[in-house]
Amino acid sequence: MENYIVSARKYRPSTFQSVVGQKALTQTLKNAIDAGKLAHAYLFCGPRGVGKTSCARIFAKTINCLHPTEAGEACNECESCRAFNEQRSYNISELDAASNNSVDDIRQLVDQVRIPPQIGKYKVYIVDEVHMLSTAAFNAFLKTLEEPPHHAIFILATTEKHKILPTILSRCQVYDFQRITIADIAEHLQYVAAQEGIVAEAEALGVIAQKADGGMRDALSIFDQIASFTAGNITYNAVIENLNVLDYEYYFRLTDAFLSANVPATLLLYKEICDKGFESQHFVSGLSNHFRNLLVSKDAATLSLLEMGEATAKRYGEQATKCDTRLLYKAMDLSNKCDLDYRVSNNKRFLVELMLIQICQLSMPAEPVQTVQPALQSVRTTAAQPQPQPAPQAAPKPAPAQPATPPKPAPSAQAYTPRPATPRPTATPRAGMPVPSIRINAQKTETTDVSEKRRNPFNQDALVAAWLKYAETIPDEVALYNTMLTHKPTLKGEIMCHVEIESTIQQSLITLTKDALLAFIHNELQNDYIDLETEIKVSNERRVSYNTGDILIAMKEDNPNLEKAVEMLNLEID
Ligand SMILES: [Zn+2]
């Protein structure tokens with residue numbers, strides 16, 4: 001690679017056709033030129049490196065070309081085109097408003113505008129980063145923009161459209177440049193690599209494209225950097241090492257561990273990632289993104305949202321088939337919460353580990369106590385049949401003496417069969433008994449059909465006892481265990497188990513286990529109506545006390561282990 005020229009300059013597009021990733025927009029510009037409908041001012045908006053300045057230059061060259069091609073492009077051969085390509089044309093002038101934003105700079109430009117072009121028809125003035133102009137400069141510019149000479153065309157470019165004054169906006173034709181897609185960038189990089197005789201793995205270019213975040217200029221400069229570092233052999237490993245990108249392999253492995261509820265494996269993988277020096281928050285947002293990618297891979301309709309190379313996309317497709325959609329929703333929610341809580345957390349590593357454990361829990365088998373499903377059961381037997389209630393898990397008995405009439409209401413009854421896979425005795429109506437009201441009455445039956453739901457009275461103490469008993473079944477889930485010990489419920493009304501906690505983390509811990517916990521409490525207290533609600537309360541109303549004894553009592557309340565410690569160590573507090 002002697003005579004090294006920066007790729008971003010060497011491969012700067014010279015025709016509309018060669019602009020990457022802005023097809024619709026360049027077509028519109030070509031059409032306007034073709035129809036001779038040119039405006040006096042254009043505003044090109046969009047992120048950096050997506051081709052705004054390149055398009056402005058191509059536009060300027062094309063409208064001055066003496067022999068435009070049939071495709072509406074500049075010929076690149078006439079005197080005007082050659083002058084443009086050799087950067088000696090007087091018909092184009094560029095002002096970078098980021099560094100030249102004073103009134104004087106604009107006045108100079110305005111003075112030039114009056115002079116008509118010598119060759120060609122138009123003089124084009126490109127003002128880059130136009131939002132950087134001072135207010136005074138803006139005002140000085142406005143007059144010229146209102147009454148420009150016939151030969152003058154202004155192309156204003158900005159990355160921050162919202163900063164452009166409405167008076168300017170209303171005088172411009174606005175073109176919004178899109179972020180270039182990762183696939184488009186990767187494809188262009190592949191083209192450049194081929195031209196330069198550089199070997200590049202598709203995966204590697206995909207990572208560069210991703211890192212460039214929709215900007216071609218950045219992508220090309222990263223490309224140059226890695227090409228020179230690897231002596232023209234761009235591999236995936238070289239790229240992730242150079243760009244300090246976390247290998248997506250980790251996310252695939254982690255997800256496999258999640259799916260098999262392998263908590264130790266996830267924690268060890270996370271440690272490995274930390275040991276390599278990766279920021280935990282980057283890891284967490286990368287993980288969120290991984291779940292998101294799995295989700296969009298599940299459906300052909302959303303597959304286009306997956307921006308990556310073919311091989312990686314295929315791997316996502318494979319892993320996605322193993323993931324339940326609801327699991328992905330919950331996992332995204334958990335990783336997102338972790339991301340949000342990350343900055344304020346005092347124990348960031350623990351927060352991330354907790355999230356990993358919670359995602360593992362999504363794949364754990366449901367608690368065995370979760371067998372009572374009173375709501376569904378009551379619907380199933382609505383047909384006023386005094387059927388002895390079968391245990392829900394029991395094998396279905398053959399329906400007794402099916403009537404010979406065709407089972408007309410089957411479809412509607414089926415709609416309420418909780419698990420269609422296991423054949424249940426269909427709620428076939430007795431002869432002549434209509435069942436059209438099942439759907440409408442479903443809710444009503446749930447509340448009126450009390451015979452099947454247990455409703456034993458219980459008190460606050462019994463509730464707390466059941467709560468603690470459940471906690472004792474999960475000593476390994478340290479965070480939840482501690483939360484439950486230190487946050488006992490209060491009975492609100494007859495059935496509401498009300499828990500005050502201090503953080504969204506605690507709330508999500510309890511919410512995650514809610515089904516299993518309620519099923520357990522229902523059984524313990526023989527009452528299927530008990531419900532659970534949580535409330536986040538900042539504990540600033542705790543009683544203020546300067547008495548050591550009171551403080552100790554409060555501390556013991558918060559941490560039951562303290563009581564044991566005081567006993568074991570034989571401590572006396574006066
Ligand atoms: Zn030409």
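Helices (H or I, at least four residues) and strands (E, at least two) are DSSP runs numbered from the N terminus. Residues are numbered from 1 along each chain as its sequence is written. As the model is predicted, local features need pLDDT of at least 70 and side-chain atom pairs count only at pLDDT 80 or more, while totals for chains, interfaces and linings use all residues.

The buried residues of H8 are Ile182, Asp184, Ile185, Ala186, His188, Leu189, Val192 and Ala193 (buried: 20 or more other C-beta atoms within 10 Å of the residue's own, with C-beta atoms placed from the backbone). These pack against helix H1 (7-10), strand E6 (199-200), helix H9 (202-212) and helix H10 (216-229). Just after H8, Gly197 has a positive phi of about 70 degrees.

An open sheet is formed by five strands in the order E2-E3-E4-E1-E5, with parallel pairing (at least two DSSP bridges between two strands). Strands E2 (92-96) and E5 (173-176) are at the edges with a single partner strand each, so one side of each lacks a neighbour in the sheet. Strands E1 (residues 41-45) and E4 (residues 152-158) pair in the parallel sense over five bridges, and Leu43 stands opposite Leu156 in E4.

In H14, Asn293, Leu294 and Ser297 meet Tyr316, Gly317, Gln319 and Ala320 in H15 (contact: C-beta atoms, placed from the backbone, within 7 Å).

Methods
Buried ≥ 20, exposed ≤ 12 C-beta atoms within 10 Å, placed from the backbone. Contact = placed C-beta atoms within 7 Å.
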